[in-house]
Amino acid sequence: MSDHAIRKVVIVGGGTAGWMAAAAISSWLPKGSMDIELVESDEIGTVGVGEATIPPLLQFNDMLGVKEDEFLAATQGTFKLGIEFVDWGAIGERYFHPFGSHGADINSVPFHQLYLRENSRRSLPDIREWSMSAVAAGLGRFARPGAGARLPLSQLVYAFHFDAGLYARFLRGLAEAKGVRRIEGKIVDVAQDGENGHVKSITLADGRTIEGELFVDCSGFRGLLIEGALGTGYEEWTRWLPCDRAAAVPCALSGPPDPFTRSTARQAGWQWRIPLQHRMGNGLVYSSGHLERDEAEALLFANLEGEPLASPRHLSFTAGRRKLAWNANVVSLGLSTGFIEPLESTSIHLVQSGITKLLALFPDRRFNPAERDEYNRQVQDVFEDVRDFIILHYKATRRDDSDFWNYCRTMELPDKLASKLELWRSKGRLFRDGQELFGPASWVAVLLGQGVVPGEQDPVVMTIDAAVAADTLDKMHLSYLRMAEQMPPHAEFIARACAASTAG
Ligand SMILES: Cc1cc2nc3c(=O)[nH]c(=O)nc-3n(C[C@H](O)[C@H](O)[C@H](O)COP(=O)(O)OP(=O)(O)OC[C@H]3O[C@@H](n4cnc5c(N)ncnc54)[C@H](O)[C@@H]3O)c2cc1C
């Protein structure tokens, strides 16, 4: 270890973000090389919602050495193959945003261009029928593509739905086994260095003081250190993402759990439906400028598929991000860094992405500003990319049945998103910019799903013989269906996986 190495990390908060950070930092470091303490308050509790994830979580679990079956059993987890969107383009329409790709490119010509040309010659089924994940989801089937899986099974990409509280508990077990010390107590004061403003220590209500060199702020929306102590500032995105409230309630399952999330657009927001093993998670995300709290609750309850299992939980938020995710010796993760509504289940991923970047740029006690600036630049990029993809869902609507949708349909866009849409509208061209989380296949799913069709064909399709392309498309189409039909029902797969976890 260098003379300047950090000797003590203090993680403030024990929600999903805090325990993900504790588990990751403790497993990444050589054991005993650094003290890690995590402070959480039972009295304050956690946000307590957040149940759907995206595929990179598999890598996070892998990094921690988590066995997938054990994790599923411990978190009441189910598999997620994508999101079904209902009533987004127009009332009565539905589409599927699957994980993974659609079809396969031919000689580097993007699959969606071939699909669009063929669709203009004869009416093709929805593009979802060329996605392994979507076809399996439609049949309620699931199979895990092993390391040596071949086409088309190798194109099945998945994530999970789970109880985030149970996940945090699961990670706590891993972190404590690696030496992380948990301290229960409410932080009431923060002491800073008079010269450089760095946080030196936190004080709990019972008078205990905890000192540290690096502080990881996972204190949720309040941003106890990053905002409360350092006054970092927050950039609001409500002009593009006007939803600022949520009401959430679990209900009983009315059948076997689907391997996908459903998002149904409502008059002033949207409702999620997330099937776990033991219950259905539901919530309405809405704009308080367009819907009253009581109306929102009534709408949520009117659309439950089973008996409510708890009282509804009401949450307020402001879409946006902290101006600096890393300020002085405080790195914020999770809700203290910012919030983008859970339409594409990205919050837990943003925590993961922050942790990965922190490990890649881990500071020493000199806190090199270049490391901090690079971290902040990368976090800003990933937040803005996710934001733009979420805005797309609101903008690309034809709904005109409420003030809310009229606002969304006609709002001005951030420049980068406006250019991206223009490229698509002209010839259906899409490019992944840098480290963008959502690649062209995701954009295609939303754009075509919401009825945004390019004006002209991209001349690049002319390089592929139309008859050859048509034949390839038909064969692919059939291969996805045949493969999905061989998979076990999703519920059966989960039962086997959970049984294997207890047997193993
Ligand atoms: C409506 C809604 C739906 C969501 N759905 C999804 C989803 O489907 N998928 C997804 O990925 N994400 C989702 N999220 C986001 C997800 O819930 C959070 O990103 C995730 O739980 C991380 O939260 P957190 O740990 O940052 O904060 P919190 O859960 O709020 O935890 C904060 C922690 O800080 C502690 N703390 C705070 N103040 C003090 C103090 N003074 N002293 C001591 N301790 C303190 C608390 O006790 C707690 O332990 C959703 C969020 C909302 C609001």
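Reply: Happy to! One term before we start: contact means heavy atoms within 4.5 Å. Also, this is a predicted model.

Me: Good. Which residues in H1 meet which in H6?
Reply: On the H1 side they are Thr16, Trp19, Met20, Ala22, Ala23 and Ser26. Their partners in H6 are Ala164, Tyr167, Ala168, Leu171, Arg172, Ala175 and Glu176. By class, that contact has 9 nonpolar, 2 polar and 2 charged residues.

Me: And at what angle do H1 and H6 cross?
Reply: Roughly 30 degrees, with the axes of H1 (residues 16-28) and H6 (residues 164-177) coming within 8 Å. Angles under 35 degrees count as roughly parallel, so H1 is roughly parallel to H6. Their crossing is left-handed.

Me: What about H1 and H9, left-handed or right-handed?
Reply: The crossing of H1 and H9 is right-handed. H9 covers residues 347-360, and its axis is 10 Å from that of H1, at an angle of about 30 degrees.

Me: Who's touching whom there?
Reply: Thr16, Ala17, Met20, Ala21, Ala24, Ile25 and Trp28 of H1 meet Ile348, Val351, Gln352, Ile355, Leu358 and Leu359 of H9. This contact comprises 11 nonpolar and 2 polar residues, with no charged ones.

Me: Switching to the ligand: how many residues surround it?
Reply: There are 33, and the closest are Gly14, Val49, Ala52, Ile187 and Ile348. Ile348 also belongs to the H9 side of the contact with H1.

Definitions and conventions. Residues numbered from 1 in each chain as written. Predicted model: local features only at pLDDT ≥ 70, side-chain atom pairs only at ≥ 80, totals over all residues. Heavy atoms only, no water. Axes fitted to C-alpha atoms, helices over the stretch in contact; angles between N-to-C directions. Helix = DSSP H or I, 4+ residues; strand = E, 2+ residues; numbered from the N terminus. Parallel < 35°, antiparallel > 145°, perpendicular 65-115°, else oblique. Left-handed = near helix turned anticlockwise from the far one by under 90°. Nonpolar A, V, L, I, M, F, W, Y, C, P; charged D, E, K, R; others polar. Near = heavy atom within 4 Å.
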